[in-house]
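Reader: I'd like to go through this structure label by label. Could you tell me what each call rests on?

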Amino acid sequence: MAKLSNNFVSGATSSARFAGRLCTTRSRHRLWFGSVMMHKLGMVSSARAETSCSNSVRLNESSAVGVMLRTAIPGLMCEEEEEEEGEGDVVPIENEEFESSFHVNGLVPWRDSGFNDFGSGLGGVNEGPATSESVIVNQQGVQFLEEMDAEVLSKRVLVLSRRNKVRSALELLRSMELAGLHPNAHACNSLLLSLLRNGLNDDVMRVFRFMKDKKITTQHTYSLMLKVIAHAQGCDSSLRMFMELEEEGNGSKDFDAVVYNTIISICGRMNYWHKCERLWMSMKENGLTTTKVTYSVLISVFVRCGQYELAIDAYEEMVLNGYKPNADISQAIIKACTKEGKWDLALNIYQNMLSNALEPNLITCNVLINSLGKAGKVELAFKVYSITKSFGHTPDAYTMNALVSALYRANRPGDALRLFDSIMREQASQLNVHLYNNALMSCSKLGLWDRALQLLWQMESSGLSVSTASYNLVINACEVARKPEIALQVYEHMIHKNCTPDMFTHLSLVRSCIWGSLWTEIEEILKVSPNASLYNAVIQGMCLRSKIDSAKKTYMRMREKGLKPDGKTWALMLQNLQRVR
């Protein structure tokens, strides 16, 4: 029994010695790692010699080495929630007793690389004072790595980034670099995205420079960086970065359609349509396949900037490459076609939308109806109107105005007035100045001066702003109906309403007075608005009414004012007055 007890004590003593040696070995490992780190930092002192020869020294987490490793780059404290499952092999080097700051020379892996001009002024939240190039802004700590597999550590960087633990991810990335390990591109891209979400633009630039130096950038990397630069410094800086990267030779290797789509979208937000067009051509020159997203962005930008021909070209190329346009693209192209007067192409795209079960919105239907009306295709316009109602869209004032205008342009002023009356009875809330003016145009063409007056009083009583054009239409209706006295009354009412007459007002009034032989009123009008057009109209009217003497006097007065007669006035004067020079 005593022998067994002695064996037990001996075994326990051996176990204790083994544990002590294991602890000493672990301490030496930590000491060696700290010496390497201090050597890189250029901060190895005589303390190293003293501690290296001490074999019995036991180091814990708060030892001098731990302090140096923990405080090598201050500024980012480890998060409390970092102690989760799956992170047991990564041992953070902590210190809660010793607080000190060291500016590190050359420790951060993404130092001294290109694109410094793009990194300035990005406004990261963890910025620190920078007094020289050797002072690293937004410094991070390091972690003791028990795992030395780069792929395993890259996965941990990926997990930390996805969990939005950017501080720990940055520390782990930096620790890998110090240990000579390189993370993969997927982990770095995930970290870039996490930094971008948190607004840490300065850190984004540093990680990007590190990736660029290690040549692990991908298409997704460049796409993210272009967005960062555009958000922080604007479209011009982002485009300049793109061009510089392309000149460096990255375009043929790392730039795919996604990168081009990104920079095209950035330029499109600023309505730089000419740059979008140049990038589109560059994609073709580099042999890249233009995607549906590319065409969608191009069409949207071109239509918004009024470059309708380019939008149509992009659409035709899109269809030629086998892409099926969605509702938004189709509606944008319909607008472009109507602006260019290509109503047939617009109608064809509209029919394709119906065939593909795509429902055009009310704005697209209105634009198409208006385009068909301008082209004189009244039946097609009303057919589109019927389809619009079948979709459940409620026709608005623009819809009704397009239909009334279509009837007027088709030389059907009577039908236009009847449609206007129907709108007034059933949809009085849709009445506006444009609808009233279209109705007044029909009255003017038919000479319905009394109906024109009625519409004018309705406009004024409803509180609508009656413009000079509306009064001109009423006066013109009186001219067609040979009612000069009514025309003069409308003119006086117009002046009373403080509405300024223009040249068309006076021309219509003069022509109306000529038919009524109201010469005195004509002279008054000439005094108010002495211009060549009015004098020509008066002289020609006097000659047609055989008022040759009055025409001669008016002609001489016109020449005295330095006004030039037109060809018709000159021919009439030569015909009736042989001595007129």
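Author: Rings of Phe, Tyr and Trp (its six-membered ring) pair if their centres lie within 6.5 Å; planes under 30 degrees apart count as stacked, over 60 as edge-to-face and the rest as tilted. By this rule there are ten aromatic pairs. Keep in mind that this is a predicted model, where local features need pLDDT of at least 70 and side-chain atom pairs count only at pLDDT 80 or more, while totals for chains, interfaces and linings use all residues. Residues are numbered from 1 along each chain as its sequence is written, and side-chain values use heavy atoms, with hydrogens and water left out.

Reader: Why is the pair Phe242 and Phe255 called stacked?

Author: The ring centres of Phe242 and Phe255 are 4.9 Å apart, and their planes stand at 15°, so the pair is stacked. Phe242 lies in helix 10 (residues 235-247), while Phe255 is in the loop between helix 11 (250-254) and helix 12 (257-269), 13 residues apart, so the pair links distant parts of the chain. Helices here (H or I, at least four residues) and strands (E, at least two) are DSSP runs, numbered from the N terminus. Phe242 and Phe255 also belong to one aromatic cluster with Phe208, Tyr222 and Tyr260.

Reader: What makes Phe382 and Tyr385 an edge-to-face pair?

Author: The centres of the Phe382 and Tyr385 rings are 6.4 Å apart and the planes are at 80°, so edge-to-face is the call. Both sit in helix 19 (residues 378-390), three residues apart, which means about one helical turn separates them.

Reader: Why is Phe382 called partly exposed, and why is Tyr385 called buried?

Author: Buried means under 20% relative accessible area, exposed over 50%, partly exposed in between (1.4 Å probe, protein chains only). Phe382 has 27%, so Phe382 is partly exposed. Tyr385 has 12%, so Tyr385 is buried. Phe242 and Phe255 are both buried too.

Reader: How do you know that Asn261 and Ser470 are buried?

Author: Asn261 has a relative accessible area of 9%, so Asn261 is buried. For Ser470 the value is 0%, so Ser470 counts as buried. Asn261 is in helix 12, and Ser470 is in helix 24 (residues 468-480). As for contacts (heavy atoms within 4.5 Å), Asn261 touches Thr291, Val293 and Thr294, not counting residues up to four places away in sequence. With neighbours within four places left aside, Ser470 meets Asn437, Leu440 and Met459.

Reader: Which ring does the charged end of Lys275 sit over?

Author: That would be the ring of Tyr272, with the charged end 4.4 Å from its centre. The test is that NZ of Lys or CZ of Arg is within 6 Å of the ring centre and within 35 degrees of the ring normal. Arg482 has its charged end over the ring of Trp515, 3.7 Å from the centre.

Reader: What makes helix 26 roughly antiparallel to helix 27?

Author: Helix 26 (residues 503-515) and helix 27 (residues 519-528) pack at about 160°, with their axes 9 Å apart. Angles under 35 degrees count as roughly parallel, over 145 as roughly antiparallel, 65 to 115 as roughly perpendicular and the rest as oblique. Therefore helix 26 is roughly antiparallel to helix 27. Among the residues that meet are Leu509 and Val510 in helix 26, and Ile522 and Ile525 in helix 27.

Reader: How many helices and strands does the chain have?

Author: The chain has 30 helices and two strands, and 48% of its 581 residues count as buried.

Note on methods. Axes fitted to C-alpha atoms, helices over the stretch in contact; angles between N-to-C directions.
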